[in-house]
Amino acid sequence: MKQVSPEGLKWFQDARFGMFIHWGLYSILARGEWIMHTEKIPVPEYEALMQQFNPLKFNADEWARIAADAGQRYIVITSRHHDGFSMYDTALSNYKVTRTPFRRDPLWELANTCARRGDVGLGFYSSLLDWHHPAYRFRKESGLAWDDYLEFLHGQVRELCTQFGRVACIWFDGDWPNHLLEGDTAYFAAGGPFAYEKLYDMIHTLQPDAVIHNNRHAEPLPGEDVQGFEQDLPGQNTASFNATKISGLPLEVCMTINDSWGVNDNDENHKSAQHLIQTLARAASAGANYLLNVGPTAFGEILPVHVERLRAMGQWLEVHGDSIYSTRAGAIPPASDGLSVSTCKGKSHYVHVLGYISDCITLCGVPAEVTRAILLKDGSSVKLTTRGANTVLTILPHQRDWADTVIRLKR
């Protein structure tokens with residue numbers, strides 16, 4: 001089975017930091033992207049939201065600039081979420097953004113902007129699950145077959161791969177084989193297999209440099225290029241569905257700035273910039289990309305508080321980006337107290353100090369050839385002492401960074 005090109009995979013791993021965007025009809029209600037299900041909104045009632053969708057403040061240039069200023073190297077945006085509404089001018093459905101009062105195709109505008117800028121790649125989220133499509137949810141009532149849905153699904157993915165220029169990734173969601181679907185989630189169940197082999201081969205043929213990510217919460221399948229973890233770092237399972245063993249594939253974690261993917265007016269639990277920067281470092285230390293979500297409003301604006309946090313991350317990356325971009329998983333184990341992790345790039349090792357209990361931090365497993373330590377932000381020396389099998393770094397108060405103090409270890 002085909003895989004992503006080596007060049008495409010390297011680009012994806014080097015990027016390390018991306019922006020996830022959840023945006024659709026659910027943004028009008030501003031209670032999260034699962035609102036159609038959680039509040040049991042009937043299809044006709046939900047469809048009526050189309051006539052209210054008119055995000056006149058949407059500006060593709062502004063969104064791409066926010067991502068670039070944050071240091072995010074790619075964007076993944078919902079082309080169609082579980083509610084079945086297409087956020088681009090698909091030829092395969094009338095249930096789409098260009099039939100709203102807005103009339104425009106925001107994905108096309110964003111693709112043009114990203115292509116023109118050249119510093120932010122663009123990928124597309126595509127839901128395998130569809131609460132609206134009659135061939136997915138209402139086959140008995142409509143007389144349609146599962147193959148009719150597959151034709152629609154595969155057809156939309158073909159559109160995404162042929163109508164928007166270079167695609168960084170295709171990001172699937174909605175097929176969760178380890179989740180029990182019964183009771184009020186029974187209608188989530190697929191009517192058959194998704195023909196992944198055919199689907200993945202099509203993507204790798206049409207977009208050889210695009211990585212395929214399928215958020216199945218399960219062991220990756222042949223043809224998938226990235227293993228993902230949702231709301232957890234690799235090896236953690238606070239979300240209860242990230243118990244899958246870490247594979248040998250490149251990794252990506254997707255997380256929210258607050259607790260919601262789609263905009264939610266009731267969710268003010270916005271994480272601090274310090275926490276977000278430290279999570280980025282922890283993800284990179286595990287060899288994972290960090291795909292950080294924003295949920296724009298129904299007016300087409302990214303929340304100011306999220307722009308503020310992202311801007312702070314970008315300012316930190318302007319100084320410390322060498323310790324994140326193009327790095328791979330750290331060769332130096334995390335400190336026993338969890339206050340440091342590491343990344344590496346060639347023969348350079350970067351120690352990320354994520355807390356301040358005392359001036360000294362003790363590391364184990366530092367390569368024998370390391371003899372010097374410098375502060376990444378200004379090149380000043382950091383005292384390095386070898387004590388048996390351990391290496392001790394003495395970092396003075398004035399050398400500390402507010403979010404993540406990065407030390408580069410050299411020969």
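Reader: Which helices each supply at least two residues of the lining of the second largest cavity?

Author: They are α5 (60-69) and α12 (304-320); helices (H or I, at least four residues) and strands (E, at least two) are DSSP runs, numbered from the N terminus. The model is a predicted one, in which local features need pLDDT of at least 70 and side-chain atom pairs count only at pLDDT 80 or more, while totals for chains, interfaces and linings use all residues. Residues are numbered from 1 along each chain as its sequence is written, and side-chain values use heavy atoms, with hydrogens and water left out.

Reader: What makes a space a cavity, and what makes a residue part of its lining?

Author: On a 1 Å grid over the protein atoms alone, a cavity is a set of points where a 1.4 Å probe fits but cannot get out, whereas a pocket is an open set with protein on both sides within 12 Å along at least five of seven lines; lining residues have an atom within 4 Å of a point. By this rule, Arg-65, Ile-66, Asp-69, Ala-70, Val-307, Leu-310 and Arg-311 line the second largest cavity. Its volume is about 50 Å³, that is, the space filled by probe spheres set on grid points joined across faces, edges and corners.

Reader: How are the residues of that lining divided by class?

Author: There are 4 nonpolar, no polar and 3 charged residues. Ala, Val, Leu, Ile, Met, Phe, Trp, Tyr, Cys and Pro count as nonpolar, Asp, Glu, Lys and Arg as charged, and the others, Gly among them, as polar.

Reader: How many cavities of 30 Å³ or more does the structure hold, and what is the volume of the largest cavity?

Author: The structure holds 3 such cavities, and the largest cavity has about 110 Å³ of space. It is lined by 15 residues, of which Asn-214, His-217, Ala-218, Gln-227 and Gly-228 are the closest to its centre. The largest share of this lining, 3 residues, comes from β6. By class, the lining of the largest cavity has 5 nonpolar, 7 polar and 3 charged residues.

Reader: What is the volume of the largest pocket?

Author: The largest pocket has a volume of about 290 Å³. Among its 18 lining residues, Trp-11, Gly-118, Val-120, Gly-121 and Arg-166 are the closest to its centre. The lining of the largest pocket comprises 10 nonpolar, 4 polar and 4 charged residues.

Reader: Is Gln-231 called buried, partly exposed or exposed, and why?

Author: Buried means under 20% relative accessible area, exposed over 50%, and partly exposed in between (1.4 Å probe, protein chains only). Gln-231 has a relative accessibility of 24%, and therefore counts as partly exposed. Ser-240 has a relative accessible area of 60%, so this residue is exposed. Gln-231 lies in the loop between β6 (227-230) and β7 (251-256), and Ser-240 is also found in the loop between β6 and β7.

Reader: What is the phi of Gln-231, and what is that of Ser-240?

Author: Phi of Gln-231 is near 60°, and phi of Ser-240 is near 80°. Most residues other than glycine have a negative phi.
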